[in-house]
Amino acid sequence: MDRIPNLLSIVVVVVSLIGCRGWQVAAPTSSSAANHQSPLKPVGMAEDSFRLEIITVMFPLGEEELNTAAWSQIDEQSLPPETRRCLADNGFRVGIITGQLPAEVGRLLTATEQPATLAEAAANFARAPVVSRQSMQLHSGWHGELVASRIYDEIPLLMLERTRRQSDVVGRPYRLAQGIFNVVATATGDRRVKLQFTPQLHHGEPRQAFVVESEDGQLRPQPSKPKENFENLVFETTLGPEQMLALTSLPQCSGTLGHYFFTERQTNEMQQKMIIVRLEQARYSDLFSNQPFAGDLPLFR
């Protein structure tokens, strides 16, 4: 009978020791164990999704190295000639980077991330960041909104419209306007993604609108501004793992749409922007090639 209290004491000690150990989950050792995976396992990307890295670089407007030397390493011929002409007429410059970033852009990134002195680091902190990075995750067939500019009180926009006989400059003002690219991503089935960019101006006062949520099909209220789509400036490109898309403005294009998308006044100096889009990760399966998704992504800022 004396052995029972002793056994109880041993059980209490063992239980207390087990309670002090960390929780460890053993890896499955059989096909049946694989059906009981730990709920702590990280959730991976869906098979039809991609993640885009967006890098925004700021530099003085008209900077020679970043407007001339850098573009000698960027392929502008990847877009059709007519598309390139329409974009250039309205202040946009677009091209593909394959492999390494141009040395001029790389130096700017390195200088920003590693200031030479404490005073330089303090100066960088005091002003808007020269380089910013963000991510956008999309499914095939989804679209997202890449915000390119701040909100302007008013944009007196000038547009060049060409016909077979003549070219005309037309203009109109937009109040409380912001430059945004509507981006539609479509998988190609080989770990590449086709991206379609539509320049838009979101302008005026926000209005109450209703959007359909893709998950449950329910209508949800959402404030939205009127949108001006510039269909003549739509362009498409296909990115693979070793490629990047470069977007900026032509430096001498005041009053154009590209100017408002890619320039910004900071203190007493006009700054120019270059946006670099990189395919950071892709997990597309051909199983979904005939089943495109449809949905909206919140504003990407």
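Which residues does Thr256 touch, not counting residues up to four places away in sequence? They are Asp89, Asn90, Gly91, Leu157 and Leu158, where contact means heavy atoms within 4.5 Å.

Before I go on, a word on the source. This is a predicted model, in which local features need pLDDT of at least 70 and side-chain atom pairs count only at pLDDT 80 or more, while totals for chains, interfaces and linings use all residues. Residues are numbered from 1 along each chain as its sequence is written, and side-chain values use heavy atoms, with hydrogens and water left out.

Back to Thr256. Thr256 sits in the loop between β11 (243-249) and α6 (257-262); helices (H or I, at least four residues) and strands (E, at least two) are DSSP runs, numbered from the N terminus. Its relative accessibility is 10%, so Thr256 counts as buried. For that term the cut-offs are under 20% relative accessible area for buried, over 50% for exposed, and partly exposed in between, with a 1.4 Å probe and protein chains only. Thr256 and Met159 are 97 residues apart in sequence, yet their C-alpha atoms are 6.4 Å apart in space. The side chain of Thr256 also reaches the backbone oxygen of Cys253 at 2.7 Å. Cys253 is itself buried, at 7% relative accessible area.

That brings up the cysteines. A disulfide is a covalent bond between the sulfur atoms of two cysteines. The rule used here asks for a pair of cysteine sulfur atoms within 2.5 Å, and by this rule the count is zero disulfides. Cys86, with a relative accessible area of 17%, is buried.

Next, charges. Side chains of opposite charge can pair when their charged atoms come close. How many salt bridges does the structure hold? There are six, a salt bridge being a side-chain nitrogen of Lys or Arg within 4 Å of a carboxyl oxygen of Asp or Glu. I will go through some of them.

Glu53 forms a salt bridge with Arg133, with 3.5 Å between the closest N and O atoms. Glu53 lies in strand β1 (residues 49-60) and Arg133 in strand β3 (residues 131-139), so this pair ties together parts that are 80 residues apart in sequence. Glu53 is buried at 12% relative accessibility, whereas Arg133 is partly exposed, at 43%.

Glu53 also meets the side chain of Arg278 in a salt bridge, at 2.8 Å from N to O. Arg278 belongs to strand β13 (residues 269-283) and Glu53 to β1, so parts 225 residues apart in sequence are tied together. Arg278 is partly exposed, with a relative accessible area of 26%.

Arg93 and Glu76 make another salt bridge, their closest N and O atoms being 3.2 Å apart. Here Arg93 is in strand β2 (residues 92-98) and Glu76 in the loop between α2 (64-69) and α3 (81-89), a pair 17 residues apart that links distant parts of the chain. Arg93 is buried at 16% relative accessibility, and Glu76 is partly exposed at 22%. As for networks, salt bridges that share partners join Glu53, Arg133 and Arg278 into one.

Last, Arg51, which is in strand β1. Is Arg51 buried or partly exposed? At 23% relative accessibility, Arg51 counts as partly exposed. Its side chain makes a polar contact with the side chain of Gln137 at 3.3 Å. A polar contact is a pair of N or O atoms within 3.5 Å; within protein, one must be able to donate a hydrogen and the other to accept it, and residues adjacent in sequence count only if both atoms are side-chain atoms. Arg51 and Leu138 are 87 residues apart in sequence and 6.5 Å apart in space, C-alpha to C-alpha.
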